[in-house]
Amino acid sequence: MAPLQLGAVMLLLLLQASGVLSAYTNLPDVPPGIFNVSARIEIRSNKHAAWKALTDFPAYPDWNPFVRAAIMVSSGNATLRDQYPIEGRRLFFRTQIPALPMPVNRDTPDVEANTQYSYENVTHIQRKKGRMAWEYIGDPGLQSERWSAVSDIGHGKVLYESREVFHGPTAEYLKPLLGETLQACFEAQGEALKALLEECDTD
Ligand SMILES: *[C@@H]1O[C@H](CO)[C@@H](O)[C@H](O)[C@H]1NC(C)=O
Ligand SMILES: *[C@@H]1O[C@H](CO)[C@@H](O)[C@H](O)[C@H]1NC(C)=O
Ligand SMILES: *[C@@H]1O[C@H](CO)[C@@H](O)[C@H](O)[C@H]1NC(C)=O
């Protein structure tokens with residue numbers, strides 16, 4: 001091999017080893033908090049289908065073992081006719097922490113002791129960039145925003161990423177209590193999204 005070629009191959013190997021090539025992310029840079037939880041998974045699908053699945057809140061109960069209900073609501077908690085997320089509007093969540101075992105459908109019962117409710121404010125809907133975010137509201141001691149992103153990465157695949165960074169005194173308390181469990185919930189949602197999209201792909 002010519003020295004130049006060899007140099008290029010070695011550079012590539014070095015980049016791979018150092019993780020530079022796998023460091024692509026479509027999540028925005030945000031300041032670190034007390035802790036964060038995240039998911040990152042490649043899915044045999046495309047950005048359009050992944051975006052559709054993530055913004056189709058009425059269908060969440062059919063596939064999502066973590067977020068069992070996601071409902072766009074008014075400030076008075078009435079279900080909005082249009083369920084598509086819009087910045088500044090309120091989102092109601094009923095979650096299972098830890099996540100339910102897979103697979104789930106809309107009839108899968110909650111484990112009552114693991115049910116949590118929260119209200120979120122939709123903060124960013126960036127369809128072209130394939131990014132969306134919402135932040136927890138309701139506890140002045142906790143600031144946490146969850147970003148999710150989908151990107152076409154070639155080879156018929158989409159990359160799904162999600163990360164929530166927790167700030168504030170309540171985050172100090174939550175970290176040892178729920179940090180690892182929430183991390184597993186994010187991963188479970190990623191796996192379930194993959195199962196959903198790859199299953200649709202084959203019919
Ligand atoms: C998330 O946590 C990881 C591991 O603790 C840390 O390296 C990273 O900087 C954190 N990122 C953010 C945005 O908080
Ligand atoms: C808000 O609405 C959701 C969804 O309809 C419902 O499950 C929840 O119980 C309501 N919360 C309150 C406080 O009424
Ligand atoms: C909700 O998010 C929007 C968009 O980022 C922001 O302008 C608004 O102040 C937030 N509302 C609340 C109640 O936090």
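The shell around ligand 2 divides into three nonpolar residues, one polar residue and no charged residue. In this predicted model, the residues that surround ligand 2 are Ile71, Asn77, Phe92 and Tyr119. Two of these residues supply polar side-chain atoms within reach of the ligand. An N or O atom in the side chain of Asn77 is 2.5 Å from an oxygen atom of ligand 2, and an N or O atom in the side chain of Tyr119 is 3.4 Å from a nitrogen atom of ligand 2. Ligand 2 taken alone exposes 360 Å², of which the protein buries 43%.

Asn77 also deserves attention for its backbone. This residue is placed in the loop between β2 (67–73) and β3, and its phi is near 70°, a positive value in a residue other than glycine. Asn77 counts as partly exposed because its relative accessibility is 37%, a value between the 20% and 50% limits of that class.

Ligand 3 has a shell made up of Gly88, Asn121, Val122, Thr123 and Glu135. By class, these comprise one nonpolar, three polar and one charged residues. Strand β4 (residues 115–126) gives the largest share of this shell, with three residues. An oxygen atom of ligand 3 lies 2.3 Å from a polar side-chain atom of Asn121. For Thr123 the atom concerned belongs to the backbone: an N or O atom there lies 3.4 Å from an oxygen atom of ligand 3. On its own, ligand 3 has 360 Å² of accessible area, and the protein covers 40% of it.

| Ligand and atom | Protein residue and atom | Distance |
|---|---|---|
| Ligand 2, oxygen | Asn77, side-chain N or O | 2.5 Å |
| Ligand 2, nitrogen | Tyr119, side-chain N or O | 3.4 Å |
| Ligand 3, oxygen | Asn121, polar side-chain atom | 2.3 Å |
| Ligand 3, oxygen | Thr123, backbone N or O | 3.4 Å |

A search of the whole structure for cavities of 30 Å³ or more returns one. The volume of the largest cavity is about 50 Å³. Its lining consists of Leu54, Tyr60, Val67, Phe93, Met132, Trp134, Arg146, Ser148, Tyr160 and Gln189. Two or more lining residues come from each of β5 (131–137) and β6 (143–154). By class, the lining has seven nonpolar, two polar and one charged residues.

Leu54 of this lining is also one of the buried residues of helix α2 (residues 47–55), which are Ala50, Trp51, Ala53, Leu54 and Thr55. At the start of α2, a side-chain oxygen of Asn46 comes to within 3.1 Å of the backbone nitrogen of His48.

Strand β6 contains Ser151. Ser151 counts as buried because its relative accessible area is 5%, which falls under the 20% limit.

Several loops carry backbone features of note. The loop between β3 (90–96) and β4 contains Pro98, and Pro103 is found in the loop between β3 and β4 as well. A cis peptide bond with omega of about 0° joins Ile97 and Pro98. The bond from Met102 to Pro103 is likewise cis, and its omega is near -5°.

The loop between β6 and β7 (157–167) holds His155. Phi of His155 is near 55°, which is positive in a residue other than glycine. His155 counts as exposed because its relative accessible area is 80%, over the 50% limit.

Methods:
Residues are numbered from 1 along each chain as its sequence is written. Chains are lettered from A and ligands numbered from 1 in the order in which they are written. Side-chain values use heavy atoms; hydrogens and water are left out. A residue is near a molecule or strand if one of its heavy atoms lies within 4 Å of it. A polar contact is a pair of N or O atoms within 3.5 Å; within protein, one must be able to donate a hydrogen and the other to accept it, and residues adjacent in sequence count only if both atoms are side-chain atoms. Accessible areas come from the Shrake-Rupley method with a 1.4 Å probe; for residues, only the protein chains shown count as cover. Helices (H or I, at least four residues) and strands (E, at least two) are DSSP runs, numbered from the N terminus. Ala, Val, Leu, Ile, Met, Phe, Trp, Tyr, Cys and Pro count as nonpolar, Asp, Glu, Lys and Arg as charged, and the others, Gly among them, as polar. On a 1 Å grid over the protein atoms alone, a cavity is a set of points where a 1.4 Å probe fits but cannot get out, and a pocket is an open set with protein on both sides within 12 Å along at least five of seven lines; lining residues have an atom within 4 Å of a point. Grid points are joined across faces, edges and corners, and a volume is the space filled by probe spheres set on the points. Buried means under 20% relative accessible area, exposed over 50%, partly exposed in between (1.4 Å probe, protein chains only).
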